[in-house]
Amino acid sequence: MWWKNSVVYQIYPRSFADSNGDGIGDLNGITAHLDYLQKLGVDVVWLSPVYQSPNDDNGYDISDYQNIMQEFGTMEEFDRMLAEMHKRGIRLVMDLVVNHTSDEHAWFIESKKSKENPYRDFYIWRKGKDGKEPNNWGACFGGSTWEYDRETDMYYLHCFSKKQPDLNWENKAVRNNIYEMMCWWCEKGIDGFRMDVISMISKEQSYPDGEIHGGSSYADFGPFVCNGPRVHEYLQEMNREVLSKYNLLTVGETAGVTIEEAKKYANLDGTELGMVFQFEHVDLTVGEFGKWTDERFCLKDLREVLNKWQTELEGKAWNSLYWSNHDQPRAVSRFGNDGPMYRKLSAKMLATCLHMMKGTPYIYQGEEIGMTNAYFEKIEEYRDIESIHAFEDAMERNIMAEEDMISALKSISRDNARTPMQWNRSRHAGFTTGTPWIGINQNYLQINAEDALQDADSIFYYYQKLIALRKQYNIVVDGIFYGLLEDDDKIYAYERILGNQKLVVGCNFTDKKVDCTLFDNAEEGEELISNYKHHKKGILKPYEARVILFS
């Protein structure tokens, strides 16, 4: 289980580095920056989808699982990138999107032709009910989950965009085709899979109407789709047919997962997956209008969630640790303070808090230099299908004022994470010589990788040190987690215990000095890392983080 000691770096290829000036990141752009990742010290790259796709949902709508999207390059360029990663001791985890395909996938094109077509049952088709959709479920990107097909007078299910029809995992032929495709990639030499919305592959077969919440027009499909009746059976089969035959990192994106479900998905027997992504800590501000709010989290709520996952999975399953990814806003903007005075300090504090926990840490591209939310002012600047649909829906139904919805998008839109990587101070932040597919964050003159590499006190080198500590001290990987100061609303603290060693971690989540006696005996231990050079006894300074090892 090599992945327990690993640190993963997520690349969103469209926004990482453009090598040919078309404004879109590509595989050669990634290959050109592998030395940068090697210097950071990461062990694994998780690559968001690079498969052939019409790009309705930025590559999560796949039309050919065994071809590369033309905008990203060729299979030969993929092979070269993989070889160059392996040369540097970096493994590659691919995004596996098998809950749905694109409606332009050959399987779906066949499936639509007739009710008798051999591929008909590769997707989920149902007759309408009373002249309407088969049920009242709402899709993630707006509207019904059902799209009418005039040709065969039936509806197909799509939990996301109508261009993303859901696969029918009840059909053994579907599963066999997927396993065959996965083996093909494994034989190519990849090192694992991050499995997109994998908790949704098994649906409640009666497809009942759901409950409509708040001001929504449609019902929540979650209870009938997430963690469905056969999901563990399918994953155990996948494990037997594919995963157990290779030495892989596997992580499932598991919407709606509970602790009890996570123990099954990521059980230590290794019969399903290595770990899962849970979303409780990034869903703390979900309210009347779902995720669309600019409300800030409360530290007590955050602590309760993070501590629960740490303590309740102990000895039963492995944690994945993350603050942000391609579907979440920037970590320092959401959980820290992205103003000029505290951006570096709070970014380092957040990194400390996460990387000293038990589990495999994930770094999202740009997090290591403290990239911030884009704060786009107009809806025309957004590219994300989810954000655009949500804005249009809010305006159409008049449920939020335009300025309130824009404020929510500035806080929470997925596009905050998708603005191009800020490499240097040159035009378009060194991402492209052309016109970028989405706007560049205008703070690239102050925040970029080139400047970070020249500053010994940068966030980059702080991450580099955190990663090195994981390699150096077994307690960081294996120590048992215990929460500390559990009623404090300003400091997040915990300890890790391994044998006769104790690691004490304290993080001030505020811009104020806070009384703290955790480190009054710090001189008896060894300070492994801190974002301040000098400390004051009995106090944690604004956004201060300290890690002391006692032996």
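Strands β9 (residues 192–195) and β10 (residues 249–253) run parallel and are joined by 4 bridges. Strands here are DSSP runs of E with at least two residues, helices are runs of H or I with at least four, and both are numbered from the N terminus. Two strands count as paired if DSSP finds at least two bridges between them. Within β10, G252 is the bridge partner of M195.

Before we go on, please note that this is a predicted model, in which local features need pLDDT of at least 70 and side-chain atom pairs count only at pLDDT 80 or more, while totals for chains, interfaces and linings use all residues. Residues are numbered from 1 along each chain as its sequence is written, and side-chain values use heavy atoms, with hydrogens and water left out.

Strand β9 also pairs with β5 (residues 91–96), again in the parallel sense, over 3 bridges. There, L96 stands opposite M195 of β9. In a regular strand the side chains alternate between the two faces of the sheet. In β9, G192 and R194 point one way and F193 and M195 the other, and all are buried. Buried means under 20% relative accessible area, exposed means over 50%, and partly exposed lies in between (1.4 Å probe, protein chains only).

Let us turn to another sheet. It is open, with 5 strands in the order β14-β15-β16-β20-β18 and antiparallel pairing. Its edge strands, β14 (480–484) and β18 (526–530), each pair on one side only. From one strand to the next the twist averages 20°. Inside this order, β15 (residues 491–498) and β16 (residues 501–508) run antiparallel and share 8 bridges, with N508 in β16 as the bridge partner of I491.

Finally, the cysteines. A disulfide is a covalent bond between the sulfur atoms of two cysteines. Taking a disulfide as a pair of cysteine sulfur atoms within 2.5 Å, the count is 0 disulfides. Two cysteines are set out below.

| Cysteine | Nearest cysteine sulfur | Distance |
|---|---|---|
| C159 | C140 | 6.7 Å |
| C298 | C353 | 14 Å |

How accessible is C159, buried or exposed? C159 counts as buried because its relative accessibility is 0%. C298, with a relative accessible area of 37%, is partly exposed.

Conventions:
Axes are lines fitted to C-alpha atoms, for helices over the stretch in contact, and angles run from 0 to 180 degrees between N-to-C directions.
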